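User: I am new to this structure and would like to go through it in questions and answers. Please show it first.

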Amino acid sequence: MTDTQTLTLAEIEDLSFRALVAAGTSEENARPLAQATAATEADGVASHGLAYIPIYCEHVQCGKVDGLAVPVLSRPKPGVVAVDAATGFAHSAIDTGFEALIPAAREQGVAVLAIKNSYNCGVLGYHTYRLAQAGLVGLGFTNAPASIAPSGGSKPVVGTNPFSIAAPGPDGEPALLIDQSASTIAKSEVMKHAREGKPIPVGWALDADGNPTTDPEVGLKGSMAPSGGYKGVGVALMVELMAAALTGASLGINASPFSGTVGGPPKTGQFFIAIDPTTTASCAFETGVAELVGAIRAQEAAHLPGDGRRTKRLSSRQSGVAVSRATLDKIAGFL
């Protein structure tokens with residue numbers, strides 16, 4: 001018996017949806033999260049895909065996230081969309097915000113979306129990808145519970161805090177998609193190694209004294225290693241300002257963990273900027289991006305951010321996705 005099972009993207013979405021609803025999530029909140037889970041698996045980011053569904057379900061049941069929450073939208077200024085996620089899933093709040101953000105950006109040239117009292121938004125690039133599909137340059141920021149210590153320190157003060165930018169392309173797909181955390185590797189990857197009992201590479205995490213470790217459990221009790229040293233800490237601080245301070249969400253030092261059942265809702269935040277490139281550069285934007293992308297692809301073995309996900313996505317649509325049976329067993333426990 002193999003330790004994986006191949007599922008179609010439709011099967012992944014359906015399984016995710018049914019588990020979330022069975023755990024106490026409304027269908028309105030479960031659907032966007034299930035769709036994002038399938039898309040994440042299609043992109044090959046398994047650490048943020050089905051493996052998170054048991055955690056989401058557990059958090060609904062313990063009250064860390066309100067599966068029945070209804071996001072509240074407001075428009076404090078013409079170019080500003082604000083959403084109170086009401087301690088519910090970030091995906092529902094983002095969907096609600098995008099319905100107002102996209103037309104506002106098209107009308108005014110630029111608009112922003114601020115979300116507070118939110119939760120883990122999964123793969124941030126999934127959301128900026130959608131803005132690029134709408135013909136907009138999308139920038140996204142999301143803060144997380146503290147897991148990175150400041151330069152010279154050993155106590156975490158900021159989270160892995162990803163940022164993402166997606167530029168629209170002529171075929172309806174992003175011409176460029178950057179999605180990276182402030183840490184060397186996403187914390188979920190260290191958690192995945194811990195669940196599987198596998199060591200982590202040197203440089204992924206630090207122990208409680210700030211020393212490198214290959215033990216994922218030790219790393220999870222210590223801190224994540226910032227990408228590029230102090231520069232990674234700078235990125236994390238920038239995202240903290242954008243996603244928490246600018247939205248009124250909880251700082252990472254005050255947010256409960258995204259894993260486990262300890263603490264109440266994390267109440268973290270997301271911040272998106274949507275820009276209509278034709279407003280600032282007309283057709284020169286498309287020309288400039290095409291030239292930039294072409295210069296990278298012209299080099300043999302050069303990597304363009306986003307290409308790996310695009311390739312994986314095309315393959316997944318045809319052949320499905322291999323999913324861990326251990327994960328499927330955990331999900332079955334909620335059905």
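**Cavities, a helix and salt bridges**

The lining of the largest cavity is made up of seven nonpolar, one polar and five charged residues. Here Ala, Val, Leu, Ile, Met, Phe, Trp, Tyr, Cys and Pro count as nonpolar, Asp, Glu, Lys and Arg as charged, and the others, Gly among them, as polar. This is a predicted model, in which local features need pLDDT of at least 70, side-chain atom pairs count only at pLDDT 80 or more, and totals for chains, interfaces and linings use all residues. Residues are numbered from 1 along each chain as its sequence is written, and side-chain values use heavy atoms, with hydrogens and water left out.

User: Which element gives the most to the lining of the largest cavity?

Analyst: A cavity is a set of points on a 1 Å grid over the protein atoms alone where a 1.4 Å probe fits but cannot get out, and lining residues have an atom within 4 Å of a point. The elements that give two or more residues to this lining are E7 and H11; helices (H or I, at least four residues) and strands (E, at least two) are DSSP runs, numbered from the N terminus. With four residues, the element that gives the most is E7.

User: Which element supplies the largest share of the lining of the second largest cavity?

Analyst: Residues lining the second largest cavity include Leu33, Ala36, Thr37 and Thr40. H2 and H5 each supply at least two residues of that lining. The largest share, four residues, comes from H2.

User: How far apart are the end C-alpha atoms of helix H2?

Analyst: Helix H2 covers residues 27–42, which is 16 residues. The expected span is 1.5 Å times one less than the number of residues, so H2 should span 22 Å. The end C-alpha atoms agree with this, being apart by 22 Å.

User: Which residue does Arg31 meet in a salt bridge?

Analyst: A salt bridge is a side-chain nitrogen of Lys or Arg within 4 Å of a carboxyl oxygen of Asp or Glu. The N to O distance for the Arg31 pair is 3.0 Å. Arg31 lies in helix H2 and its partner in helix H1, so the pair ties together parts that are 18 residues apart in sequence. The partner is Glu13.

User: Are Glu173 and Arg313 buried or exposed?

Analyst: Glu173 and Arg313 form a salt bridge, with the closest N and O atoms 3.1 Å apart. Buried means under 20% relative accessible area, exposed over 50%, and partly exposed in between (1.4 Å probe, protein chains only). Both residues are buried.

Terms used: 1 Å grid on protein atoms, 1.4 Å probe; cavity = no way out; pocket = protein on both sides within 12 Å on 5 of 7 lines; lining within 4 Å.
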